[in-house]
Every structure is written in C-alpha cells, then in structure tokens.
Amino acid sequence: MNVPLWAWIAVLAVILVMLAVDLLAHRTAHVVSVREAAIWSGIWVSLGLAFGGVIWWAYGAQAGGEYYAGYLIEKSLAVDNVFVFALIFSYFAVPREYQHRVLFYGVLGALVFRAVFIAGGAVLIDNFAWILYLFGGFLVFTGAKMFTHRNDEMDPSRNPVLRLVRKRVPSTDEFHGQKFWVKKAGTWVATPLFIVLVLVETTDIIFAVDSIPAIFAVTQDPFLVYTSNAFAILGLRAMYFLLADLIHRFIYLKAGLAAILVFVGVKMLLLDVYKVPIWLSLTVIATLLTGAVVASLRATRGDAVPLGDAASTGTIPDGTTALIGRSDRPRQD
C-alpha cells in the first residue's frame, strides 16, 4: 500500500488534535462519570470506524478489512488492559479524580512506543520474512499460556518494576493532587501518581508484545498496523472509566482473548499454505470476543460488586489480591 508522506502527517495531526481536545476537556481533576465515559467512548469508536471507512474508500475493501481486523484485535486486547489498570489503581488507592491524568500520559507514551515497535517489526519482516512464523508460534504459545494461567495470582510486592522504582527513585507516600513530582526539603521526589504511571506504561509495553504481532498477522502494512493500533488505543481511557465497575463480571474474557491470539497465530503460521480471507478473520475475531463477553455477562447476571469503587479505597472486593502486571481474575468456585 503506497501511502504518501502527507497522509502520515495528517493522521498524526488528527491524533495530536484529539489528544489536545481530550486533555483540555479534562484539565480539571474530576471523577469521570459513566455518562461522560460513554460519550467519549462513542467519539473515539466513531473516529476509529470513520478512519477505516476512509481507508476502504481510498485503498479498497482488502485494505479496509485489514484495518478493521487490526482495530478489532487491538480493541479486544485493550479490554485486558482495563483489568490491570483497575488493579494498579486499587493497589495504590489512587483517587478516581486523578486516574484520567495517569491514563492520558500512559496512552501518550503508548503511542510513541507502539510506533517504535511497529517500525522495528516492519523492518524485521522486510529483511527476514521467516520471522512471521516466529511471531505466529509466539502468539499460539502466548494464547495457550494465557488460557492455562488465566486464574493465576501475583503478589504486587514482587513486581520488579515497582521494586526498582522504589529503590532508585526518591518518592513520597502522599498524593499531591495530580502532580507526578513535588519538591520536599529542596529535593524533587516522585509522588505515588508517578509510580503508577511507570507501572501503567510498563504494562502497556508488555501488552504490546502480544498485540503488535497479532496485528501483523492480518496485515504487514506499517500504515494500517499503526493507525489501527493508534485509534484503538486512543479510546482506552474512556473504555476504562466505562468498564471499571463491570470488569469483575468478564470472567470468560481471558479465555476469549486467548482464543483470538491462538487463531491469529495459526493464521500467521499458515501464510504459505492457506491465506485466511480477511472477512473470515473479522468474523472469527468478532465472534470470539462477543461470545466471551455475552457468556460472561450471562454467567454473572445479578453480580453487582463494583471494582471501580475499590480504586478509591485501595481495596478489592472479596479480598482479591491486586495483580500488577497480570489481569487474571481469581477462580470462582
């Protein structure tokens, strides 16, 4: 796909403008309501779908389908990020009115790191075509591991990033509004909000290791890979505030995401044997995601434990251990 430089510049300009609008709309710390999150989610999703329509119009159905498949993969895996973000906020008892600022800068960093990873992946594929098989095998392995370890718990105190930051960075245990750094006794120290931001950014990098190869499974065009990734990530903050109080109900989501990773991994492994049509990829991914969500909501009907409220108290319902770096929900026997 031959994309002119001006198209790249235009897309980046749109992303920066939308980020500026979002930052301006949330310049004052406040608790983001479900209604506000729903409106912003609608805006981001509409923007992402509209851009896919432009791709379809300009480059044809194949390119449009590849964009939508990549967008859907990233959007579905982003739901898993929501689990982790809620658990991180709960562990650090981050007041809900400060959470948007952390997520905003987390998303900004994610856009930069994703661009670097995608550029690196594209170069590797151009020079070593066989690496696609390595990506495919990795995705199958990751999907299988996600399924078998979907109920694992981790002790947050053992998180290596958390321990390293606390050891190397002077910090305070007190929040100072939305500030990441404050000056105490003539020395700049990090607030808990900065440590949370580091963990959020690190978590996204870890998730990128799965999501970027998964998108390369449906398209190897760097423009489609990045734009589908970027437009899906832009709505991550609104998605978090929309789903934060419901994530305890998505008990089968990990299984659905694992199945998606295995599917795209197998699809990549079969590139030289059978090229799965893009419409079939879209159908399978959408069906797996929808099935996991519907099955979860049906199984947890009447369950009204709001994990989002725990984020402001530092506790998680039913004594669940905060899982930093993993979003698995404890088994419900």
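Helix axes here are lines fitted to C-alpha atoms over the stretch in contact, and the angles between them run from 0 to 180 degrees between N-to-C directions. Keep that in mind for the helix pairs below. This is a predicted model, in which local features need pLDDT of at least 70 and side-chain atom pairs count only at pLDDT 80 or more, while totals for chains, interfaces and linings use all residues. Residues are numbered from 1 along each chain as its sequence is written, and side-chain values use heavy atoms, with hydrogens and water left out.

Let's start with the whole chain. Its secondary structure comes to 12 helices and 2 strands, taken from DSSP runs (H or I of at least four residues for helices, E of at least two for strands) and numbered from the N terminus. In sequence order the pattern reads α-α-α-α-α-α-β-β-α-α-α-α-α-α. Of the 333 residues, 50% count as buried, where buried means under 20% relative accessible area with a 1.4 Å probe, protein chains only. Contacts are heavy atoms within 4.5 Å, and among those between residues at least 6 apart in sequence, 80% join residues at least 24 apart.

Thr142 gives us a close-up. This residue sits in helix α5 (residues 131–148), and it counts as buried because its relative accessibility is 11%. Setting aside neighbours within four places in sequence, Thr142 touches Asp210 and Leu261.

Now for the strands. β1 (residues 181–184) and β2 (residues 187–190) pair in the antiparallel sense over 4 bridges; pairing takes at least two bridges found by DSSP. Val182 stands opposite Val189 in β2. The hairpin has 2 residues between the strands, and Ala185 takes a positive phi near 50 degrees there.

On to the helix pairs. α6 (residues 160–168) and α7 (residues 192–216) pack at an angle of about 145 degrees, their axes 10 Å apart. From α6 the contact uses Val161, Leu162, Val165 and Arg166, and from α7 it uses Ile195, Val198, Leu199 and Thr202.

Further along, the axes of α10 (residues 253–269) and α11 (residues 278–299) come within 8 Å and cross at roughly 165 degrees. So α10 is roughly antiparallel to α11, a label for angles over 145 degrees. On the α10 side, the residues in contact are Leu253, Gly256, Ala259, Ile260, Phe263, Val264 and Lys267, and they meet Ser281, Val284, Ile285, Leu288, Leu289, Ala292 and Ser296 of α11.

Technical notes: Parallel < 35°, antiparallel > 145°, perpendicular 65-115°, else oblique.
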